[in-house]
Amino acid sequence: MQSDNSPLQPKIKDSLFSHVKTDLPAGLVVFLIALPLCLGISLASGAPLFSGIIAGIVGGIVVGFLSGSKVNVSGPAASVALVIYMAIESLGSFQIVLSAVIIAGVFQIILGYLRAGTIAYFFPSSMIKGILASIGLILIINQIPHAFGYSGKELFGGMEGGFSTNIFREIDGMVDYISIGATIITFLSLLIIFAWDQPALKRYTFFKFVPAALIAVLASIGINQLFIAYFPELALSGGRLVQLPAASSLGEFFSFFTFPDFSQITNPELWTVALSIAFIASLESLLSTEAGDKLDPYKRKSSTNRELKAQGISNIVSGLIGGLPVTAVIVRTSANVSSGGRTPLSTITHGLVMLVCVMTIPRLLNLIPLSSLSAVLFVVGYKLTSISLFRRMWKAGKRQFVPFFVTVVAVMLTDLIMGIMIGGAVSVFMILRDNYRTPFFLDRAERAEGEHIELVLAEEVTFLNKASIMLTLDHVAPNSTVVIDASRSVHIDEDVLEIIEEFKATAAYKNIKMEMIGLDKFLAKRWLV
């Protein structure tokens with residue numbers, strides 16, 4: 001066995017500046033991916049576009065310094081966009097929602113100190129996939145107005161009454177205000193993204209490392225400038241473009257930050273929103289951390305409890321200065337690793353570059369059409385809720401598909417929290433149902449002297465299995481032989497032991513021969529009690 005100091009096992013360099021040559025370029029690539037996503041997620045959240053940039057900066061710099069993960073990249077995430085969208089509608093202002101973001105951060109820190117970093121592993125994957133799929137669907141649908149340049153109010157209005165009550169609310173009005181220029185840019189942006197991501201092009205270094213979303217956004221700026229010059233009737237302006245505040249001085253730049261409003265701190269709905277943000281942000285961060293550790297070429301393990309604390313502090317900072325909630329995001333993390341990111345320097349670099357750009361070139365960013373960002377979000381939403389996902393869940397069987405589909409429908413028809421509760425209840429029901437059905441393995445054989453029945457009990461036999469075991473034993477025919485094998489069992493519930501003892505007491509009356517294997521230790525404990 002090689003020692004830790006063996007030349008065959010060189011020590012992994014984990015210091016912040018140990019991989020500068022690869023971390024700096026990786027940080028630049030992550031910035032190019034994150035910038036359009038930050039703007040797009042702000043758009044999907046119904047929040048000021050500047051709030052997504054703030055979250056990207058905080059996620060890069062604050063989480064980069066505090067997180068124990070070496071490759072995770074944090075920022076605003078599509079999974080939380082629906083919560084923010086609904087919260088702004090129900091609470092009345094983005095400033096009030098910021099106070100919920102801060103409270104969510106406090107919850108995350110508490111969870112970190114309670115060592116709840118493994119909490120994500122207790123949620124069924126089918127329910128998690130259902131939550132993300134429903135968010136993807138709503139994300140796509142709510143981008144339709146911007147994709148077609150509809151400059152009126154939101155297409156589907158608020159979400160607090162449930163998706164189904166709002167889905168057709170504004171379609172007639174939208175048709176009268178469709179912008180041909182915005183529609184052209186949307187479809188061209190989608191075409192660029194799909195073409196750019198084709199495997200044939202990914203063989204070339206340029207296409208591999210330059211993100212499709214960035215190219216689509218840059219192309220949309222060029223197309224709109226052509227419209228302005230040659231086809232002014234198609235040109236986009238005003239509310240159809242990104243509108244970030246442009247500062248003429250450093251002092252003016254800091255005046256653009258929004259501060260939270262704590263006037264509704266006693267409102268139970270505010271605390272519900274905070275819990276929703278904490279739940280979704282923590283869940284995605286923990287899952288992304290696990291995935292990031294698997295992507296890490298050095299296979300370093302991150303502390304999930306430290307990650308929760310880092311995410312909580314970043315959400316407090318983001319909420320205090322007007323930013324969206326921050327989570328670890330697997331898309332940016334995978335891009336970071338594939339681009340050569342090996343230490344937190346890469347994610348810190350991406351945050352610093354974003355800060356410099358928003359301070360120095362906001363006028364260039366304000367040339368971006370919102371329709372192009374909608375195209376980016378269409379792709380993000382589809383990745384969350386693709387047809388192949390539904391197909392995979394269907395092939396996985398009822399136990400996976402039913403909770404998944406119920407969660408999707410419940411979120412769409414009610415709201416996120418209610419959808420999670422319904423999906424969770426169905427997941428638990430499916431687990432209990434399967435547990436009820438498989439408390440033992442049953443082997444029946446017909447012999448000359450009578451029926452031979454062997455019951456091999458499962459590892460965990462609970463009171464939920466009481467009915468099925470009782471029915472099986474009640475239907476044993478006279479003159480049979482019954483073998484009850486508990487050699488594999490770790491726990492047998494008191495109710496089940498009572499049924500077995502009652503059967504043993506009455507077996508002689510039916511001339512039933514009974515043999516028990518491994519049951520003595522469980523019955524002895526019962527007799528001692």
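Biologist: Is Asn511 buried, partly exposed or exposed?

Modeller: Start with relative accessible area. Buried means under 20%, exposed means over 50%, and partly exposed is in between. Asn511 has a relative accessible area of 48%, so Asn511 is partly exposed. Keep in mind that this is a predicted model.

Biologist: Where does Asn511 sit in the chain?

Modeller: Asn511 is in the loop between α23 (494-507) and β8 (513-517). Look at its backbone too. Phi of Asn511 is near 60 degrees, which is a positive value in a residue other than glycine.

Biologist: What is phi of Lys299, and where is that residue?

Modeller: Phi of Lys299 is near 55 degrees, again positive in a residue other than glycine. Lys299 belongs to the loop between α13 (268-295) and α14 (304-320). Its relative accessibility is 51%, so Lys299 counts as exposed.

Biologist: Let me step back. How many helices and strands does the chain have?

Modeller: There are 24 helices and eight strands. The chain has 529 residues, and 52% of them count as buried.

Biologist: What does the accessible surface of the chain come to, and what share belongs to carbon and sulfur atoms?

Modeller: The surface comes to about 24,600 Å². Carbon and sulfur atoms hold 65% of that area.

Biologist: Which helix holds Ala335, and what does Ala335 contact?

Modeller: Ala335 lies in helix α15, residues 330-338. Set aside neighbours within four places in sequence, and Ala335 is in contact with Val30 and Ile33. Buried means under 20%, and Ala335 has a relative accessible area of 11%, so Ala335 is buried.

Biologist: Now serine. Is Ser79 buried or exposed?

Modeller: Check the number against the cut-off. Ser79 has a relative accessible area of 4%, so Ser79 is buried. Ser79 is found in helix α3, residues 78-91. Beyond neighbours within four places in sequence, Ser79 is in contact with Leu132, Ile135, Ile280 and Glu284.

Biologist: And where is Ser126?

Modeller: Ser126 is in helix α5, residues 125-142. Ser126 is buried too, at 3% relative accessible area. Its contacts, leaving aside neighbours within four places in sequence, are Met393, Gln400, Pro403, Phe404 and Ser427.

Biologist: How do I read a salt bridge?

Modeller: Side chains of opposite charge can pair when their charged atoms come close. A search of the whole structure finds one salt bridge. Arg300 forms a salt bridge with Asp296, and the closest N and O atoms are 2.7 Å apart. Arg300 is buried, and Asp296 is buried as well.

Biologist: How do I read two helices that cross?

Modeller: Ask for the distance between axes, the angle and the hand. The axes of helix α2 (residues 49-66) and helix α16 (residues 345-360) come within 7 Å. They cross at roughly 145 degrees. The crossing of α2 past α16 is left-handed.

Biologist: Which residues of α2 and α16 meet?

Modeller: Among them, α2 brings Phe50, Ile53, Gly56, Gly60 and Phe65. On the α16 side are residues including Thr347, His350, Gly351, Met354 and Val358.

Biologist: Last feature. Which residues form a nonpolar patch on the surface?

Modeller: Ile178, Ile180, Ile184, Leu188 and Leu191 form the patch. Together they have about 410 Å² of accessible area. Take Leu188 as one of them. Leu188 is found in helix α8, residues 180-196.

Terms used
Residues numbered from 1 in each chain as written. Predicted model: local features only at pLDDT ≥ 70, side-chain atom pairs only at ≥ 80, totals over all residues. Heavy atoms only, no water. Patch = residues over 30% accessible without salt bridge, like charges linked within 9 Å, V, L, I, M, F, W, Y side chains within 5 Å. Areas by Shrake-Rupley, 256 points an atom, 1.4 Å probe, with all protein chains shown as cover. Salt bridge = Lys/Arg side-chain N within 4 Å of Asp/Glu carboxyl O. Helix = DSSP H or I, 4+ residues; strand = E, 2+ residues; numbered from the N terminus. Axes fitted to C-alpha atoms, helices over the stretch in contact; angles between N-to-C directions. Left-handed = near helix turned anticlockwise from the far one by under 90°. Contact = heavy atoms within 4.5 Å. Buried < 20%, exposed > 50% of the residue type's maximum accessible area, 1.4 Å probe, protein only.
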